[in-house]
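Dear colleague,

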Amino acid sequence: LISRTQVGTPSRHNFTLNVKCYCSSATEKELIKKEKVSDYNKRYYREKKEDISNYKKSYYQNKVDEVASKNAQYYKENKAILKEKKLEAKEKLRKEMTNSGEIRKTLEESHGISKWEDWYNVTPKDLRKTELGRRLIGHFTLVELLETLYPDVHWIDGNFLSVPRSTWSNREKTREYLKFIEPRLGITSMEDWYRVSKEQLRRVGAGGVVSVFVRPHNALEFAFPEIEWDVKKFAFKGK
């Protein structure tokens with residue numbers, strides 16, 4: 001008779017080792033499988049890189065367009081309500097600025113204002129650098145804000161460092177600014193304007209006028225239509 005021990009019946013110890021070897025082999029196979037998948041993914045990405053990139057761009061752009069469309073639709077449906085709420089918030093802020101000097105004091109300290117004329121060198125972008133400034137500039141233009149904070153001061157729109165182009169489409173504001181800079185140019189009569197050049201306007205800070213009207217006579221004809229300007233006089237030598 002042959003015993004079970006002689007035919008190699010696995011002992012408990014050997015059985016455990018066999019199981020461990022089996023597990024090790026399975027792990028290796030899994031790793032090989034993962035490496036193959038990883039290589040496939042890398043190859044696929046290299047081959048389809050442009051397509052994937054275009055898909056992502058298209059996907060995100062569609063999402064952006066979808067959100068923009070929803071916002072536009074919401075605004076269209078609630079335009080009157082939103083406008084009313086904005087006006088209410090603006091009026092509330094106006095009363096707050098009128099009844100309290102704290103806002104004015106805080107803004108002056110934040111922007112180094114020692115006299116009211118200093119505000120001409122402050123831009124809306126400067127205001128947005130502070131939390132209070134961002135809150136206010138979201139409801140008021142710079143001129144509106146200053147008119148509320150300094151009710152006794154008459155502000156000249158065109159004299160600010162940053163002037164909206166829309167200012168120069170307003171005849172009264174353009175006229176007011178040109179009259180304002182006359183002393184800087186040594187102008188004592190309207191005839192003196194004939195000797196003013198673009199370079200002279202730029203030197204006195206009126207570059208915005210040149211940018212919009214190109215030539216002095218265009219600005220003057222717009223601002224003072226009641227005067228019959230002789231364009232030929234603007235072109236004489238030595239100007």
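The notes below cover the chain as a whole, then the pocket, a helix contact and some individual residues.

This is a predicted model, in which local features need pLDDT of at least 70 and side-chain atom pairs count only at pLDDT 80 or more, whereas totals for chains, interfaces and linings use all residues. Residues are numbered from 1 along each chain as its sequence is written, and side-chain values use heavy atoms, with hydrogens and water left out.

Overall architecture

The protein chain has 11 helices and 0 strands; these elements are DSSP runs numbered from the N terminus (helices H or I, at least four residues; strands E, at least two). Of its 239 residues, 26% count as buried, where buried means under 20% relative accessible area, exposed over 50% and partly exposed in between, with a 1.4 Å probe and protein chains only. Among contacts with a separation of 6 or more, 51% are between residues 24 or more positions apart, a contact being heavy atoms within 4.5 Å.

The largest pocket

The largest pocket has a volume of about 330 Å³. A pocket here is an open set of points on a 1 Å grid over the protein atoms alone, where a 1.4 Å probe fits, with protein on both sides within 12 Å along at least five of seven lines; lining residues have an atom within 4 Å of a point. Grid points are joined across faces, edges and corners, and the volume is the space filled by probe spheres set on the points. The lining comprises 18 residues, of which Thr141, Leu142, Val143, Asp157 and Pro164 are the closest to the centre. Two or more lining residues come from each of α6 (142-149) and α7 (171-180), and α6 gives the largest share, 4 residues. By class, the lining has 8 nonpolar, 5 polar and 5 charged residues; Ala, Val, Leu, Ile, Met, Phe, Trp, Tyr, Cys and Pro count as nonpolar, Asp, Glu, Lys and Arg as charged, and the others, Gly among them, as polar.

Asp157 lies in the loop between α6 and α7 and, at 12% relative accessibility, is buried. Beyond its neighbours within four places in sequence, Asp157 is in contact with Val143, Val163, Thr167 and Lys173.

The contact of α2 with α6

The axes of α2 (residues 79-99) and α6 come within 9 Å and cross at roughly 40°. Axes are lines fitted to C-alpha atoms, for helices over the stretch in contact, and angles run from 0 to 180 degrees between N-to-C directions. Lys90, Arg94, Met97 and Thr98 of α2 meet Glu144, Leu145, Thr148 and Leu149 of α6.

Individual residues

Arg184 is in helix α8 (residues 182-185) and is partly exposed, at 41% relative accessibility. Leaving aside neighbours within four places in sequence, Arg184 is in contact with Asn159, Tyr177 and Val204.

Gly205, in the loop between α9 (198-203) and α10, is exposed at 52% relative accessibility. Its C-alpha atom is separated by 9.6 Å from that of Gly158, 47 residues apart along the chain.

Val214 is in the loop between α10 (207-213) and α11 (216-223). Its phi is near 70°, a positive value in a residue other than glycine. Most residues other than glycine have a negative phi. Val214 is partly exposed, with a relative accessible area of 44%.

With kind regards
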